[in-house]
Amino acid sequence: MQQPVIVLVRPQLGENIGKAARAMLNFGLTELRLVAPRDGWPNPDAGPAASGADVVLADARVFDTLADAVADCTTIYATTVRKRGVTKPVLTPEAAAREVHASAGRSAYVFGPERSGLETDDVTLAHKIVTVPINPEFASLNLAQAVILLAYEWSKHVPSGVEGGIALASPPEVPLDPPAPHGELEEFIQHLVRDLDASGYFFPPERKEMTLRTLRTALTKTGWSYNDIRMMHGIVTSLGRTPRAR
């Protein structure tokens, strides 16, 4: 399985190149190509921003033109808003990821400079446009954010153990404590009611029945575990004690 190539066209800051490399490696992508980086390459600001994604930066290749950078690719996706005068299919990152996995050839995701994005001539070289659905009142994605969105969508379709890609690993699941038997909860409720009664909580007396009903309803909404109930017994007991001298 071939990974898509990430192509940064005329990137301006080494720090942003490093952040893009970090975003790539988070989701198993390692092939980075740079087209005419403004400050040259290598860039000393890229390494610290990459936060350990050194393998991506070390293998990054530099090209003079976008055409050279994607010469070996069969499908090129320009990540940009729809360009006036350019008629090409427009896909979401998810739809593009499905196509990349279904393609037998090499694919490239192309990203433009930080300030201006891809120029029209860059987009005309691509086969399709990828646009991220975003809040129209705040359409402000930085370069690394755009890279991570496309990398994540691609990684979601990587089967576990497949060479050439890294399947996502979620944090291990921690089983919840099983709910306690209702008798345990009932014992705690009686404990609570006794202490509340002793403290004069139920006032006026004619509202005690309604207050108890409300209290029971609230306490039976949650799936209390044995440890939850044990902790609550301790809390209620502590509230009834004389404060310790400090």
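Student: Which residue stands opposite Val110 in S6?

Tutor: Ala78 stands opposite Val110 in S6, and pairing of two strands is assigned if DSSP finds at least two bridges between them. This is a predicted model, in which local features need pLDDT of at least 70, side-chain atom pairs count only at pLDDT 80 or more, and totals for chains, interfaces and linings use all residues. Residues are numbered from 1 along each chain as its sequence is written, and side-chain values use heavy atoms, with hydrogens and water left out.

Student: Which strands pair with S4, and over how many bridges?

Tutor: Strands (E, at least two residues) and helices (H or I, at least four) are DSSP runs numbered from the N terminus. Strand S4 (residues 75-79) is joined to strand S6 (residues 107-111) by 4 bridges, running parallel, and S4 also pairs in the parallel sense with strand S7 (residues 128-130) over 3 bridges, where Thr79 stands opposite Val130.

Student: Why is S4 called largely enclosed?

Tutor: A residue is buried at under 20% relative accessible area, exposed at over 50%, and partly exposed in between (1.4 Å probe, protein chains only). In S4, 5 of the 5 residues are buried, so the strand is largely enclosed by the rest of the structure; Thr75, Tyr77 and Thr79 lie on one side, with Ile76 and Ala78 on the other.
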